[in-house]
Structure formats: C-alpha cells, structure tokens
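I opened the model to look up a metal site, a helix and some ring contacts. My entries are below the display.

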Amino acid sequence: MWDLKAGRNQFLGSHQGMPDRSFWYYVLKRANDTKRLNDPSLQAALRWSPHYSNCPQLDHEITALLADREVNKSWKGFLRSIFVGRTLGGEINAKAKQRSGKAWVGVSFQYSSAIMAYVAAYDKWRAVMSANSGADPKKVLDADIFSGIATSRPFWADPSAFVGTHPSLSRGPDGRDENDYERLVTYADMFLVCHEYGHHLLGHTNKFAKKFKIEEDLRNLLKKRGLEAVVFRRTPSRKEPRANAKAIDTPAVSQKEEFLADILGLQLASKSRGADRTAAVYFAMIGTICALLAEADIMDHWFLDSLDTHPSTFERIGLLLNLMPTLFHSYPTHGIGDSVKQLTQQLAGFSTACFQYSMCSRYPDFYPAPTMGQILQAFNEKTLVRAVFE
Ligand SMILES: [Zn+2]
C-alpha cells in the first residue's frame, strides 16, 4: 500500500516543521515554556518519536485499533500505511489526503480543544435534565450551558491562531474538570481520525480500496433502516453541473461520501481497543456527536447544503442518531434497559438544545431559544428537532 515512513516525513516536514518528535514538544516550544521543556521528568516523553501519529495519545489509540480483533484484517494492513498528524494551526478541520505513494490524515489541535467544551456542556446538560438531580429542567433553557461556548466561538473559528478551551468551559458538575473529560475527547478525536480513515477505506481518495466493497455493506445497512435515499439519492442542486463534470466532483456525490465516512467512522471509533466494550460504544457515541456539534456550532454549518461538498451537519447528526440503535447492541454494565436507546435519546435532546441555542444566538429574529417541549420531542423521536418563530 502506501509508505508509512514517507507519509510521516511528508506530513511532518510540511506542517510547520515538526519532523521528529511528539507534537507536544512543539506545542511547548511554541509557547516558549522553558520550564517544562527542561523538566527532567518530562524528557522521555518529549524525546518520544512518532510512528502512526505525532500525537502520543492518538498513536496509542491507533495502535490499539490496529490490534483489535474486531477490525477487518485486510483493512488493518491498509490502515497501517497511513500517517495521522496533529496540526498546530487554528483551523477546525480534519482531512484525508494521498499523493505519490504516501497517505495521511490531518486533525487540527484547535478542533480537539474546542470539543472539550462540548463534552463538558453535554455533562452539564445531562446533569440538569436528570430526573434525580433535583435541578429545575428549565435551567437548561436559560443559556447557562451554551452562552460561554457562544463567547468562544469566534475565537475558535479564526484559523489564524490557536485558542484553547477556557477553564470555565471544561468545569462540569460534581467537580468534574478537563481531566475527567479527556477520555471522551480522545473518543471524539478517534471519530475524526476514523471518519478520514473511512474516506481512504471507501476508496474516496484512491483506487486500491475499492476491493474492500464497503459501500455495498453500508448501502444494505441503510436500506434496512429505510434510509438509503437520504444518502444515495440526493437531489442535485440547481446550479450543480450534471452531465459534463466529473461525477466525483458533484456535491451529491461528495455529500454521499461524507455520510458513508461518518457511518464507517463511528463504527471504527467504537471498537473497544482493549477497553470495556460497552464503555467504548457509549464514549464513541458521545464523542462523535460532540465533534459534529462543535464543527457546526463554531463554523455555523448547520444548514449549508447544495453546492457545499459536505451535507449539512443537521442531517449528518440526524442520520447517525437514527442509526445508533441498530449499529450497536451493547448492554448496560449496570442496571437494566436498552441504554444505547437511552443514550441516543439524551444525545438527540442535547444536540437539539445546542443547535437551537446556536441559531438563536446568531439569528434571534428567526430562531427562539430552545423550549422544553422541543427538547422532549427530540428525546422521544431520537432526532434533532428544529423550531422557528411562527
Ligand atoms: Zn469527510
């Protein structure tokens, strides 16, 4: 397949000169943090050299994914040839590329940092909505949970500089803080990585992967859920070139590819990678939705469609929520009940609250603040619900 070493050299050589060490070494160097750079206890970590990724956490997760018995063997050899790089830039993005025998996936550090705020917001929202918390559920509607995020949005959206997460945004209920959310952020990161792996595996970037025929399996899965048309029969927009241009460049095709990469990405990201299987599924579900919410909220990408290469995030989240109960058959480790279904309901309610607040804060003349009725409807229907002024 591709040459991992060549991909690594290509990626690290061309991304702000991070050729030979952990991404964190370059973060500290950029911050001129001489104290930590000279700390003897950190020297081994700082001398760490990249293999699958320049981020030690991602390298660890990818190594575990490639050792997971549930991952198709023939895919593993293919994935072993792809380098995954963290970029220091301020963009909110993840990309899959291949060129002259090398392939890589890039994930921006800005994206992962912002996700922390959404993971903490989900925890706060869940605590307020929990029947046993004793808290007034109306509190969820008073913008407490999302207003801090709204203040940070323009800074995260600015690609010219890296902006981290303000500590107040990663403070959750019961004294939880960023250390408690790190694992969920890693699952969100792995969704981003696996979505891009998905593009490579589905053959969107290359011809070699066509032999895996994954698209057919995903089509059958969607057919069973009555969702085939959402992904495979997208209406081309009026301005879209039809007969002449290369089919691959038309938005309907690239939007289909994004949906498929999302589904495959979520499936891969939920592999246990040596951890508790049920926990892995739940963490992947939460991490995936938070990653998509962060992108839509920060980039105002809820409804962009038509000529855009990506479908709207409103639709992407809706499709994944719809599939979650059929994708996973994990049972709760404590208590009884169908917890994948319950978690899907919670995520639908949270996504709706986040979406509605995001739109209300941007377009107050059209979008009211989220209401309890709307959130309960999302909860019951396990999907995003949109409310506009009559
Ligand atoms: Zn994509």
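The entries go from the conventions to the metal site, then to the rings.

Conventions. I worked on a predicted model, where local features need pLDDT of at least 70, side-chain atom pairs count only at pLDDT 80 or more, and totals for chains, interfaces and linings use all residues. Residues are numbered from 1 along each chain as its sequence is written, and side-chain values use heavy atoms, with hydrogens and water left out.

Zinc. I looked up the donors (N, O and S atoms within 2.8 Å of the metal, 3.2 Å for Na, K and Ca; water is not among the atoms, so sites may look incomplete). I found H195 (NE2), H199 (NE2) and E258 (OE) coordinating the zinc ion at 2.0 to 2.1 Å. Their spacing in sequence is H-x3-H-x58-E. H199 lies in helix α9 and E258 in helix α12, 59 residues apart; helices are DSSP runs of H or I, at least four residues, numbered from the N terminus. Both H199 and E258 are buried, meaning under 20% relative accessible area, with exposed over 50% and partly exposed in between (1.4 Å probe, protein chains only).

Rings. I searched for aromatic pairs (Phe, Tyr and six-membered Trp rings, centres within 6.5 Å; planes under 30 degrees apart are stacked, over 60 edge-to-face, the rest tilted). The whole structure holds 20. F23 and W24 are edge-to-face, because their planes stand at 65°, with centres 5.2 Å apart. F23 is buried at 0% relative accessible area, whereas W24 is partly exposed at 31%. Y118 and W156 form a tilted pair, 6.2 Å centre to centre and 45° between the planes.

Conventions
Helices (H or I, at least four residues) and strands (E, at least two) are DSSP runs, numbered from the N terminus.
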